[in-house]
Amino acid sequence: MQTWGLTDPGNIRQQNQDSYAIVPFGRDRVLMIVCDGMGGAKSGNVASSLAAEVFTDEVRRTQRPGMTPEKAAAMLRSALELSNSAVYEQSQLSDDFTGMGTTLVAAWISRDLAVVINVGDSRAYRVGTGRLERITRDHSVVEGLIESGNITAEQARTHPNRNLITRALGPEEHIECDVYDVTLGADERLLLCSDGLVVTATDEEMYEAVGRGDTPEESLEHLLELSKQRGAPDNVTAVLLYHE
């Protein structure tokens with residue numbers, strides 16, 4: 001397995017409120033996580049970095065080789081609950097932190113098994129031969145509008161409410177999440193990213209950019225270049241795994 005990550009403030013914003021981490025465990029296990037903070041200049045970056053730190057620390061403490069999908073899912077849910085509690089408690093300490101929160105998407109990969117967990121609109125994709133497949137479902141206003149048939153996926157990219165999410169870590173004491181099991185085939189790739197990338201590129205363009213790289217680092221540089229060419233109005237963060 002090869003992994004790489006990058007984060008960039010984009011073309012407009014001065015502050016980067018995204019966080020990411022890649023934590024390897026031996027040769028055949030790795031944790032990847034992306035968080036996109038919200039809540040203003042003083043708190044969005046605090047929320048995302050705190051959530052990522054607490055989540056990765058808990059996985060470090062509880063991960064084991066040979067975990068079943070069910071045990072891995074339970075581990076990720078527990079880490080998510082602790083992360084949510086940490087951000088929520090931090091938000092109570094100061095008016096500067098009131099209402100802060102963060103998205104979270106994470107993947108635990110053990111050999112050919114990937115268990116993915118998400119809250120908010122940061123996404124996970126599987127990239128295979130000839131296709132880019134979205135694994136996660138956004139917890140957002142526009143995702144609900146797409147599912148109800150009121151708008152198309154293309155219209156959602158420019159919808160005035162495209163940045164409104166319906167779930168996040170931090171604003172409430174308890175959190176609901178989604179968990180997915182994915183089997184990675186030989187030479188497939190797993191991409192986690194914040195919505196700053198998604199709003200600037202179509203699935204087809206993202207697939208082409210990922211395919212242009214011989215390494216995860218090269219692929220992510222192509223994705224960042226694409227996003228910046230399209231204006232990069234938000235922070236852009238992505239982590240990528242090449243499964244061998």
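Student: How are helix 6 and helix 7 oriented to each other: oblique, roughly parallel or roughly perpendicular?

Tutor: In this predicted model, helix 6 and helix 7 are oblique to each other. Their axes cross at roughly 140 degrees and come within 7 Å. Angles over 145 degrees would count as roughly antiparallel.

Student: Is that crossing left-handed or right-handed?

Tutor: The crossing of helix 6 and helix 7 is right-handed.

Student: Which residues meet there?

Tutor: Helix 6 contributes Glu205, Met206, Ala209 and Val210, which meet Ser219, His222, Leu223 and Leu226 of helix 7. By class, this contact has 5 nonpolar, 2 polar and 1 charged residues.

Student: Now helix 1 and helix 2. At what angle do they pack?

Tutor: Helix 1 (residues 44-62) and helix 2 (residues 69-91) pack at about 145 degrees, and their axes are 8 Å apart. Helix 1 passes helix 2 in a right-handed crossing.

Student: And which residues make the contact between helix 1 and helix 2?

Tutor: On the helix 1 side they include Val46, Leu50, Val54, Phe55 and Glu58. On the helix 2 side, Met75, Leu76, Leu82, Ala86 and Gln90 are among them. The residues of this contact divide into 14 nonpolar, 4 polar and 1 charged.

Student: Changing topic: how many salt bridges does the structure hold?

Tutor: The structure holds 14 salt bridges. In general, side chains of opposite charge can pair when their charged atoms come close.

Student: What does Arg13 form a salt bridge with?

Tutor: Arg13 pairs with Asp234, and their closest N and O atoms are 3.2 Å apart. Arg13 lies in the loop between strand 1 (2-8) and strand 2 (18-24), while Asp234 lies in the loop between helix 7 (216-229) and strand 11 (236-242), so the pair ties together parts that are 221 residues apart in sequence.

Student: Are those two buried or partly exposed?

Tutor: Arg13 is partly exposed, at 41% relative accessible area. Asp234 counts as buried, at 11% relative accessibility.

Student: Which residues are linked in a network of salt bridges?

Tutor: Arg126, Arg131, Glu133 and Glu188 are linked in such a network. Within this group, Arg131 forms a salt bridge with Glu188, the closest N and O atoms being 3.1 Å apart. That pair links distant parts of the chain: Arg131 is in strand 8 (residues 131-134), and Glu188 is in the loop between strand 9 (178-183) and strand 10 (189-193), 57 residues away. Arg131 also forms a salt bridge with Glu133, with 3.7 Å between the closest N and O atoms.

Student: Buried or partly exposed, in the case of Glu188, Arg131 and Glu133?

Tutor: Glu188 is buried, with a relative accessible area of 11%. Arg131 is partly exposed at 33%, and Glu133 is partly exposed at 30%.

Student: One last residue. Where does Val142 lie?

Tutor: Val142 lies in helix 3 (residues 141-147). At 8% relative accessibility, Val142 counts as buried because the cut-off for that class is under 20%.

Student: What does Val142 touch, leaving aside residues up to four places away in sequence?

Tutor: Val142 touches Ile151, Ala156, His159, Asn161 and Arg162.

Student: How far apart are Val142 and Leu223 in space?

Tutor: Val142 and Leu223 are 23 Å apart, C-alpha to C-alpha, and 81 residues apart in sequence.

Technical notes
Residues are numbered from 1 along each chain as its sequence is written. This is a predicted model: local features need pLDDT of at least 70, side-chain atom pairs count only at pLDDT 80 or more; totals for chains, interfaces and linings use all residues. Side-chain values use heavy atoms; hydrogens and water are left out. A salt bridge is a side-chain nitrogen of Lys or Arg within 4 Å of a carboxyl oxygen of Asp or Glu. Helices (H or I, at least four residues) and strands (E, at least two) are DSSP runs, numbered from the N terminus. Buried means under 20% relative accessible area, exposed over 50%, partly exposed in between (1.4 Å probe, protein chains only). Axes are lines fitted to C-alpha atoms, for helices over the stretch in contact, and angles run from 0 to 180 degrees between N-to-C directions. Angles under 35 degrees count as roughly parallel, over 145 as roughly antiparallel, 65 to 115 as roughly perpendicular and the rest as oblique. A crossing is left-handed if the near helix is turned anticlockwise from the far one by less than a right angle, and right-handed if clockwise. Contact means heavy atoms within 4.5 Å. Ala, Val, Leu, Ile, Met, Phe, Trp, Tyr, Cys and Pro count as nonpolar, Asp, Glu, Lys and Arg as charged, and the others, Gly among them, as polar.
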